[in-house]
Structure formats: structure tokens, C-alpha cells
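Please read it alongside the sequence and the model.

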Amino acid sequence: MQFTNPNPEVLKDKKLFIFDMDGTIYLGYNVFDYAIRFINNLRANGKKVLFFTNNASHTTEFYQTKLAKLGFSPAADEIMTSGDVTIEFLKRHRAGKSVYLVGTDELVENFKASGINMLEGKEEKADIVVTSFDTTLTYEKLDNACRLVRGGAEYLSTHPDFNCPTETGFIPDSGAIAAFVTASTGKTPTYFGKPYAETVEMIGEATGFAREEMCIFGDRLYTDIALGKKHGVTAVLVLSGETQPADVDAAAPAEKPDFVFPSLDEVDQVMFG
């Protein structure tokens, strides 16, 4: 890898530390112990922490429980998902519109609880189709989504990730499902989550921090790192998940990280010795 980090002292001046989850602080239920140590050191030194995942298959309540079991001791306001960003967009900009969602039962219930006008999929028309990471995906769901998109529905997707890292390898994620719908209909969705502007805007509104006060840690160039590079947030890549060293060298400028570390262990050592 032909990459040299600049002076890491800049990280010590940041106030909000945003963490991707899968591949950055854990893989599945295999926690990175050094990530717990680093995050505890940040809190002890007055830094604010936000866990943000593009994985919208679960709710923030699920992630709070999971992170607590893994030892991260998260507060409710320290967690946000791409599903949350999508819901906020629908509430603010598409109020009252009918929505067909391809997602887990958990995500569907989250949409319903947020007051979204949900469809079952058998309807002739929909205002909006949303696809997401769906571990309960069926051909019927895909058929419904494609039919409704062909019928004129606006097409949205919670996040663009092609694969989700797990302790046993990668599994197809939201971007792969969207690619199926696009191949069938010719329609490309509007994406939310990382690396899109709506995510940075929502983080700023929720935390009160300016972009120059934030830094994001993640394992994907095209989501985590691109979020920072495109929107003025310092972007730190860790090589504990999807991205390999050769990918860094080949990355376009818009996805080239500001810093690269093998894992959060090395970031902790640089910041706290």
C-alpha cells in the first residue's frame, strides 16, 4: 500500500467520533476488544461518540441492546442507522405518500411506528418503493417492487452497500438487492445512508457539531470514507473489514481516506498512547 498518514495530531482536536459498526468495531457478534478500549478512552477525554450503521435491517433499539451486550455501553442518542435517515426524509419531504418497503419485519414495523403510509405490495400502484438489506427477501417481494417501480413509483434505497461483512464472510446487502431491481426496471434508486448528504445533515442536527468537528471511522471506501470526503468530515479507514490495502491505492480521490490504520487499536495508540 502506497499510503502515508499525515500528522495524526489533527484527530485529537475532533469533538465527534462517528463509528461504522460491521467491520469496524465488530464482525457479527465477534467484538474487537480494542474498539471498546478506544471508545472508552474517547469518552473519558470528553469526546462525543456516535455509532452509525448503514445496516437498516435492525432498529436503533436492537443496536443499543447488541452494543451493550458487546461491552460498548451506548446511550440511546449515540446510535443512528440509514433506516432512520430514510424515515426522516419520508416524513419531511414525502409526508402522506404510500410506500412499499422491501425490508425485514423489524424495519417494516419501524416505518409503521413512524407514521409512514405502508402498503402490502399487492396494490396496483405505489407512490414510493423503498428497498433495503432484507435477510427475509423473497422473489415475491422483488416482483412486487419491480412491478410498482415500473408502474411509476419513485424508487428509494436505504443504503448502497453491496455486501455485509459477517464472522463467516460476506452476504448480499442492500446495494445488491437494488441492483436486481435496477436490472429489471432500468430505474436507479435515490440512496440514503452513507455516503449521502442527508446523513451528514441529520448527524449535525442531532448532535449540534459542525462538520469540521467530526471524524468518521469505517472499513468501506465507497460509503464510510466517501461520506467524509464528499461532505467535509475527516475520514479514517481501518483495514479490519471490507477494504484491502490494494483498494486504497486504486481509490478515486473522492474515496481516498485522510488516514489509514490497520484497526482502531492503532488509532487508540496514536491518540492515547
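Is Asp258 buried, partly exposed or exposed? Asp258 is partly exposed, as its relative accessible area is 23%; the classes are buried for under 20% relative accessible area, exposed for over 50%, and partly exposed in between, with a 1.4 Å probe and protein chains only.

This is a predicted model, in which local features need pLDDT of at least 70 and side-chain atom pairs count only at pLDDT 80 or more, while totals for chains, interfaces and linings use all residues. Residues are numbered from 1 along each chain as its sequence is written, and side-chain values use heavy atoms, with hydrogens and water left out.

**The six-stranded sheet**

- Six strands form an open sheet in the order β5-β4-β1-β13-β14-β15, and their pairing is parallel; strands (E, at least two residues) and helices (H or I, at least four) are DSSP runs numbered from the N terminus, and two strands pair if DSSP finds at least two bridges between them.
- The edges are held by β5 (79–81) and β15 (259–261), each of which has a single partner strand, so one side of each lacks a neighbour in the sheet.
- On average, neighbouring strands of this sheet are turned by 25° against each other, direction ignored.
- Three bridges join strand β14 (residues 234–238) to β15 in the parallel sense, and Leu237 has Val260 in β15 as its bridge partner.

**Helices across the sheet**

- Helix α2 (residues 33–44) lies across β1 (16–19), β4 (48–53) and β13 (214–218), and runs at about 140° to β4; axes are lines fitted to C-alpha atoms, for helices over the stretch in contact, with angles from 0 to 180 degrees between N-to-C directions, and contact means heavy atoms within 4.5 Å.
- Across β4 and β5 lies helix α4 (residues 82–93), which runs at about 70° to β5.

**Salt bridges**

- There are 17 salt bridges in the structure, each defined as a side-chain nitrogen of Lys or Arg within 4 Å of a carboxyl oxygen of Asp or Glu.
- One of them joins Arg37 to Asp265, with the closest N and O atoms 2.4 Å apart.
- Because Arg37 belongs to helix α2 and Asp265 to helix α11 (residues 264–272), this pair ties together parts 228 residues apart in sequence; Arg37 is partly exposed at a relative accessible area of 37%.
- Lys229 and Asp258 form another salt bridge, the closest N and O atoms being 3.0 Å apart.
- This pair links helix α9 (residues 221–231), which holds Lys229, to the loop between α10 (245–250) and β15, which holds Asp258, across 29 residues; Lys229 is partly exposed at 34% relative accessibility.
- Within helix α4, Arg92 and Glu88 are four residues apart and so separated by about one helical turn, and their side chains meet in a salt bridge (3.3 Å, N to O).
- Glu88 is partly exposed at 22% relative accessibility, and a network of salt bridges links Glu88, Lys91, Arg92 and Glu205.

- Strand β6 (residues 98–102) is largely enclosed by the rest of the structure, because five of its five residues are buried.
- Ser98, Tyr100 and Val102 on one side of β6, and Val99 and Leu101 on the other, are all buried, so that both faces are covered.
- Strand β7 (residues 117–118) pairs with β6 in the parallel sense over two bridges, and Ser98 stands opposite Asn117 in β7.
- The chain passes from β6 through helix α5 (residues 105–113) to β7 in a right-handed β-α-β crossover, meaning that, with the strands pointing away from the viewer, the path from the first strand over the helix to the second runs clockwise.
- β6 also runs parallel to strand β8 (residues 128–131), to which four bridges join it; Val99 stands opposite Ile128 in β8.
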